[in-house]
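Please have a look at the model first.

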Amino acid sequence: MADNLTTATWFWLLVPMLLVVVLALISWLRHRLREGER
Amino acid sequence: MSGALEIDLPLLTTFVVYLALMVLVGLLAYRLTRSLADYILGGRRLGPGTAALSAGASDMSGWLLMGLPGAVYGAGMNQIWIAVGLAIGAYLNWQLIAARLRRYTEVAKDSITIPAYFENRFRDGSSTLRVVSAVVILLFFTFYTSAGLVAAGTLFEDTFGVDYTLALAVGAAVILTYTLLGGFLAVSWTDFLQGILMFIALIVVPVLTVLELGGWPATAGTVGDLEPGALDAFNDVTLFGIVSLMAWGLGYFGQPHVLARFMAIRSLQDIPAARLIGIGWMAFALLGSIFTGFAGIAFFEGTGTLDNAETVFIALIQAMFSPWVAGCLLAAVLAAIMSTIDSQLLVSSSALSEDFYKRFLRPAAGDRELVWVGRATVLAIGALATVLALDPESAVLDLVAYAWAGFGAAFGPVVILSVFWRGMTRNGAVAGIVVGAVTVLVWEQLGGGIFEMYEILPGFILATLAILVFSRIGGRPGEEIEQEFDKVAGSLR
């Protein structure tokens, strides 16, 4: 019997959700760096 | 497994304390509300945390704690696609629209509602755009608010054995009290607190359930033994179905109660932090919701063993936690429902107070008068929604099925193109709203083949085409409009 989510399920569950968080984190860090330079 | 449960002292106490806290927040906000702009947009002074969490909490209704876990509990991981689409849609909304709309609504004669923004952005002297969009908001959100109240009343009747009418009356009274007193600030601050509560519950419940079951391998193994198909997101779904479900994410661009949070944020400098908080909240809350439903399959030994799949989150809390902790976690369900109702109620009220009363009846009215008109309209719409909710079977509540798609298709393309396209005209905007709304209404009535597609996708595409075509036909939008667009674009660089 299968004992874990399929690889494709893990991929589609985690990649889009975490990708949007990482992209938001990157743009926040870039904003902070720009603020620091001023 | 789950049945009516007599409301006990710990549950009653935590709910009463929670509801009293919401009213207290309303009283605090009351002291800071002096103008209609304060009342319906908080004077544009939301910090990043409040803007982010109140956007998330007002967007996510009881669906996050009941609908989504229930769907995963009932059918497995093939139910994740709406959540994936919503996460992407919410991110794009924050990334593409938030800053532009915040800036544009301020430059375009300080527009404090979406209908006012449409009118001012396109210099619509006929007020067609304002009236049409305000009527659409008023109509759909009154029924939407009503449906939220029905959901809350039914939940309390079915799960806790509380009389439906009593639950409805108490819930409506609390929501009306803090919304009426404190307006947008009260709604945003309570949404912020409710967002935190929902987030904690959606992390704690699935994590502790999985630990209780012996860890992740044991949980997934049990589900694999009971329902092997539940482990696969592609089980029993087609590509057509996946696209249709992910299309829910398109709805964000046109939801007035979410866009109001963008318009109310304190400064453009706060948007990157707000976006990070908002998207982080949403992604982990959605994952928590999905894993709650999934772990529920193992905990309750298979799908179909609960009377009502949508109570899986509630049933897990009742089974695992002491009554006092359970009371606090169950308040999150109340929070999810209330935080959506209050925001929709306030947006409906703003359509009456700002877009009709101030615009057409009393343009010269003072701040004090307008704030009290705002409060009166909250009371009137809230009372109407409550009366409609007295009959949970009322056919008018079916309108809610259209609301997400209707707003998404009618307003979404207009909002997006209005902040990105210099050449968009008033006629293009009117055409976009009409074509988007009509497509959703007609598509829903048709069935079979391509018409099984969620109506937001065709509505969104056709509305976009209508805007492009009708803006081209009528010539350029006018020098004043183009100059204003350039001013906004320049200030965003």
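α16(B) passes α17(B) in a right-handed crossing (the near helix is turned clockwise from the far one by less than a right angle). This is a predicted model, where local features need pLDDT of at least 70, side-chain atom pairs count only at pLDDT 80 or more, and totals for chains, interfaces and linings use all residues. Residues are numbered from 1 along each chain as its sequence is written, with chains lettered from A in the order in which they are written.

The axes of α16(B) (residues 400-420) and α17(B) (residues 426-445) come within 9 Å and cross at roughly 155 degrees. The two helices are therefore roughly antiparallel (angles over 145 degrees). B:A405, B:G406 and B:A409 are among the residues of α16(B) that meet α17(B), whose side includes B:G432, B:G436 and B:V440. Contact here requires C-beta atoms, placed from the backbone, within 7 Å.

B:I456 touches B:A405, B:A409 and B:V440, among others. In the largest nonpolar core, of 196 residues, B:I456 is one of those that touch the most other members. Helix α8 of chain B (residues 164-212) gives this core its largest share, 21 residues.

Chain B also meets chain A: 25 residues of chain B are in contact with 21 residues of chain A. On the side of chain B, α12(B) gives the most, with nine residues.

| Element of chain B | Residues |
|---|---|
| α5 | 81-107 |
| α9 | 216-226 |
| α12 | 271-299 |

Notes. Axes fitted to C-alpha atoms, helices over the stretch in contact; angles between N-to-C directions. Helix = DSSP H or I, 4+ residues; strand = E, 2+ residues; numbered from the N terminus. Parallel < 35°, antiparallel > 145°, perpendicular 65-115°, else oblique. Contact = placed C-beta atoms within 7 Å. Core = buried A, V, L, I, M, F, W, Y, C linked by C-beta atoms within 7 Å. Buried ≥ 20, exposed ≤ 12 C-beta atoms within 10 Å, placed from the backbone. Lists of a residue's contacts leave out its neighbours within four places in sequence.
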